[in-house]
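Please read them with the model open.

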Amino acid sequence: MDIIRLKPVFKQMIWGGNRMRAEYGYDIPGEDTGECWAISAHPNGDCEVVGGEYNGIKLSKLYEDHRELFGDVEADRFPLLTKIIDANSDLSIQVHPDDKYAKEHENGSLGKMECWYILDCDPEATIIVGHNASSKDELCSMVHEGRWKELLREIPIKKGDFFQIAPGTIHAIKGGTLILETQQNSDITYRLYDYDRLQNGKPRELHIEKSLDVIRVPYEKPKAELDKLKTKNTWFSGLQWCERYSVWHATLSGEETLSSEDRFILGSVIEGECELDGVALKKGDHFIVPADTEEGTLKGSAEFIFSMA
Ligand code: ZN
């Protein structure tokens, strides 16, 4: 099995940290590195293929010119984006539009469905997912009056937790959290509240009207539909199936076969190390298994997050 490996793109953020250096050995650009775009074909961070016959080609170009590697996917652009997020302090309270709204209001961009696997967090860490408003009117007055504590649904988290964030869901990753995010290939975020903090002496832009446009009221907890997550890779355990992606956690202990069938797979090693047909993989490595390749054999002791479009 030949996998495609990529060179990550890093993003420095007001809330970022330096944890990815020690945790994954990444060559991060600064002490405020918030995001590693590990598998991305987005114009704001298009990863380059490393090694093999496509060495040096951007992932967007590979998707355009070698569609056979990506099976039956018909999307006009590479559909997914895998990130690691190091939140040293809180991210803004935000929301993403769906495909329909983004297409209309954001130059044809995709909307953003995303999900989080908690790689690690501080003992008292929390996140924000959803809100407590029961009507759009109530939501608007809570936002305009700054009643954030009352509005936001804050929940404690621990390592290994998983959250699905549908478009229209208010959310925020809070400080002391390391996350693997699987999302649609989109970079559209509406910032609702940024704790009145300053970046280079100025507050970051807010998008209150667009946020209020897209926030779904009331908040409803998404369902996982785990019965749809059957795969030939029986050592996978399902985390999420939705119309944009499916996501699994997998634990390798000894030997397993990996097969892609007619769909390509995005893979991230989140713990341990192993070999795939003799090629070494370790914690912090990300790769794509092309569609319709021969089965591969994994040996070692490792944990993975896998996703498919
Ligand atoms: Zn988000």
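1. On the side of domain 1 that touches domain 2, the elements giving two or more residues include strand 1 (4-7), helix 1 (19-24) and strand 14 (177-184). Helices (H or I, at least four residues) and strands (E, at least two) are DSSP runs, numbered from the N terminus.

2. This is a predicted model, in which local features need pLDDT of at least 70, side-chain atom pairs count only at pLDDT 80 or more, and totals for chains, interfaces and linings use all residues. Residues are numbered from 1 along each chain as its sequence is written, and side-chain values use heavy atoms, with hydrogens and water left out.

3. The domain assignment gives domain 1 (4-214) and domain 2 (226-308); such bounds come from an automatic or database assignment. Their centres, taken over C-alpha atoms, are 22 Å apart. In contact (heavy atoms within 4.5 Å) are 32 residues of domain 1 and 30 residues of domain 2.

4. About 2600 Å² is buried between domain 1 and domain 2, 66% of it on carbon and sulfur atoms. Buried area is the accessible area (1.4 Å probe) that two parts lose on being put together, summed over both.

5. The structure holds 24 salt bridges, and the count between domain 1 and domain 2 is 4. A salt bridge is a side-chain nitrogen of Lys or Arg within 4 Å of a carboxyl oxygen of Asp or Glu. Arg5 and Asp285 form one, at 3.0 Å from N to O. A network of salt bridges links Arg19, Glu23, Asp120, Lys159, Glu271 and Lys283.

6. Asp99 and Arg244 also form a salt bridge, with the closest N and O atoms 2.8 Å apart. Asp99 lies in helix 3 (residues 99-105) and Arg244 in the loop between strand 18 (236-241) and strand 19 (246-258), so the pair ties together parts 145 residues apart in sequence. Asp99 is partly exposed at 22% relative accessible area, and Arg244 is partly exposed at 31%. Buried means under 20% relative accessible area, exposed over 50%, and partly exposed in between (1.4 Å probe, protein chains only).
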